[in-house]
Amino acid sequence: MQTETMNVTGMTCGGCVSKVTKALMAVPGVGHVDVSLPGKASVEFDENLTSRENVQSAIRGAGYGVEAGEVATASRTKGGCCG
């Protein structure tokens with residue numbers, strides 16, 4: 001198992017945390033997820049079943065931006081659920 005901690009941009013409330021958590025748990029190979037405000041996600045996953053890119057894609061698919069290490073994607077100024 002591999003653990004990645006990522007900065008999630010655009011989360012503003014508990015609904016955002018829930019939405020990101022649900023999106024991450026839907027990724028095959030993800031075992032444990034800890035998402036919190038103001039925008040941190042710790043994701044434990046089986047690197048034989050998924051990748052950091054798939055995990056980041058799930059976050060973006062939920063409507064949020066993500067930064068991990070030196071890799072950053074475009075961030076949104078407003079959350080995916082709170083507009």
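I take contact to mean heavy atoms within 4.5 Å. With that in hand, I looked up Ile59: beyond its neighbours within four places in sequence, Ile59 is in contact with Met6, Val8, Val20, Leu24, Tyr64, Gly65 and Val66.

**Ground rules.** I am reading a predicted model, where local features need pLDDT of at least 70, side-chain atom pairs count only at pLDDT 80 or more, and totals for chains, interfaces and linings use all residues. Residues are numbered from 1 along each chain as its sequence is written, and side-chain values use heavy atoms, with hydrogens and water left out.

**The chain.** I found 2 helices and 5 strands, in the order β-α-β-β-α-β-β along the sequence. Helices (H or I, at least four residues) and strands (E, at least two) are DSSP runs, numbered from the N terminus. Of the 83 residues, 37% count as buried; buried means under 20% relative accessible area, exposed over 50%, and partly exposed in between (1.4 Å probe, protein chains only). Among contacts between residues at least 6 apart in sequence, 56% join residues at least 24 apart.

**The core.** Next I looked for a nonpolar core, meaning a set of buried Ala, Val, Leu, Ile, Met, Phe, Trp, Tyr and Cys residues joined through side-chain atoms within 4.5 Å. The largest one has 20 residues, and Ile59 is among those with the most contacts inside it, along with Met11, Val20, Leu24, Val35, Val43 and Tyr64. At least two core residues each come from S1 (2–9), H1 (14–25), S2 (30–36), S3 (40–45) and H2 (52–61). H1 gives the largest share, 4 residues.

**The helix pair.** How do H1 and H2 cross? Their axes come within 9 Å and cross at roughly 140 degrees. I note that this makes H1 oblique to H2. Axes here are lines fitted to C-alpha atoms, for helices over the stretch in contact, with angles from 0 to 180 degrees between N-to-C directions. Angles under 35 degrees count as roughly parallel, over 145 as roughly antiparallel, 65 to 115 as roughly perpendicular, and the rest as oblique. Val20, Ala23 and Leu24 of H1 meet Val55, Ala58 and Ile59 of H2.

**A loop residue.** Last, I checked Pro28, in the loop between H1 and S2. Is Pro28 buried or exposed? Pro28 counts as exposed because its relative accessibility is 61%. Not counting residues up to four places away in sequence, Pro28 touches Leu49 and Thr50. The C-alpha atoms of Pro28 and Leu49 are separated by 6.6 Å, though these residues are 21 apart along the chain.
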